[in-house]
Amino acid sequence: MQRGLARDGIADNFVQVRPRRSHAVLEIRLPRSDDTSALLDASGLDVLSDAARWSRHRMSVNSAHIAAHQKLLLDLIRQAAGTPAPDND
């Protein structure tokens with residue numbers, strides 16, 4: 001079963017979550033870049049093979065990963081959605 005997102009009732013799957021028993025496979029649609037790949041590799045997340053055909057970065061996450069890497073994951077999701085980061089002035 002796939003889980004995606006929608007905007008105004010139209011599918012916009014910049015992020016997909018595929019639940020498993022003990023974790024979820026998170027797929028974030030971003031253009032392929034060495035910087036993003038290096039950032040994910042250095043983060044310590046369980047990075048899976050990229051789905052190059054759809055420009056998706058895939059990783060296996062659980063609640064501990066999400067808590068430990070919340071800022072990184074939110075930044076990547078914001079980039080994929082085209083949403084600017086909030087101003088923290």
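What follows are my entries, from ground rules and overall layout to single residues and helices.

**Entry 1: ground rules.** I am working with a predicted model, so I kept in mind that local features need pLDDT of at least 70, that side-chain atom pairs count only at pLDDT 80 or more, and that totals for chains, interfaces and linings use all residues. Residues are numbered from 1 along each chain as its sequence is written, and side-chain values use heavy atoms, with hydrogens and water left out.

**Entry 2: layout.** I looked up the secondary structure and found 3 helices and 6 strands. Helices (H or I, at least four residues) and strands (E, at least two) are DSSP runs, numbered from the N terminus. Along the sequence I read the order β-β-β-β-α-β-β-α-α.

**Entry 3: totals.** The chain has 89 residues, and 29% of them count as buried. Buried means under 20% relative accessible area, exposed means over 50%, and partly exposed is in between (1.4 Å probe, protein chains only). I noted an accessible surface of about 6,100 Å², with 50% of it belonging to carbon and sulfur atoms. These areas come from the Shrake-Rupley method with a 1.4 Å probe; for residues, only the protein chains shown count as cover. I also checked contacts (heavy atoms within 4.5 Å). Of those between residues at least 6 apart in sequence, 44% join residues at least 24 apart.

**Entry 4: salt bridges.** How many salt bridges does the structure hold? I get 6, taking a salt bridge as a side-chain nitrogen of Lys or Arg within 4 Å of a carboxyl oxygen of Asp or Glu. One of them joins Asp12 and Arg29, at 3.2 Å from N to O. Asp12 sits in the loop between strand E2 (10-11) and strand E3 (15-19), while Arg29 belongs to strand E4 (residues 24-29), so this pair links distant parts of the chain, 17 residues apart. Arg29 counts as partly exposed because its relative accessibility is 32%.

Entry 5: I moved on to Glu27, which counts as buried because its relative accessibility is 5%. Glu27 bridges to Arg18, with the closest N and O atoms 3.1 Å apart, and to Arg58, at 3.3 Å from N to O. Which residues are linked in the network of salt bridges? My list reads Arg18, Glu27, Arg56 and Arg58.

**Entry 6: Arg56.** Is Arg56 buried or exposed? It is buried, because its relative accessibility is 8%. I placed Arg56 in strand E6 (residues 56-61). Its side chain also reaches the backbone oxygen of Asn13, at 2.7 Å. For such a polar contact, I used a pair of N or O atoms within 3.5 Å; within protein, one must be able to donate a hydrogen and the other to accept it, and residues adjacent in sequence count only if both atoms are side-chain atoms.

**Entry 7: Phe14.** Phe14 lies in the loop between E2 and E3 and counts as buried, because its relative accessibility is 8%. Leaving aside neighbours within four places in sequence, I find Phe14 in contact with residues including Glu27, Arg29, Arg56, Ile77 and Ala80.

**Entry 8: helix H1.** The buried residues here are Thr36, Leu40 and Ser43. They cover an arc of only 65° around the axis, which puts them on the same side of H1; the arc is that of the directions from the helix axis to the C-beta atoms. Asp34, Asp35, Asp41 and Ala42 are exposed on the other side. The buried set packs against strand E5 (46-47), E6 and H3. Gly44 follows H1 with a positive phi, near 90°.

**Entry 9: helix H3.** H3 (residues 70-81) has 12 residues and spans 16 Å from first C-alpha to last, close to the 16 Å expected, where the expected span is 1.5 Å times one less than the number of residues. I listed Leu72, Leu73, Leu76, Ala80 and Ala81 as the buried residues of H3. They fall within an arc of 165° seen down the axis, so they line one face of the helix. They pack against strand E1 (6-7), E4, helix H1 (34-43), E6 and helix H2 (63-68). Just after H3, Gly82 takes a positive phi of about 75°.
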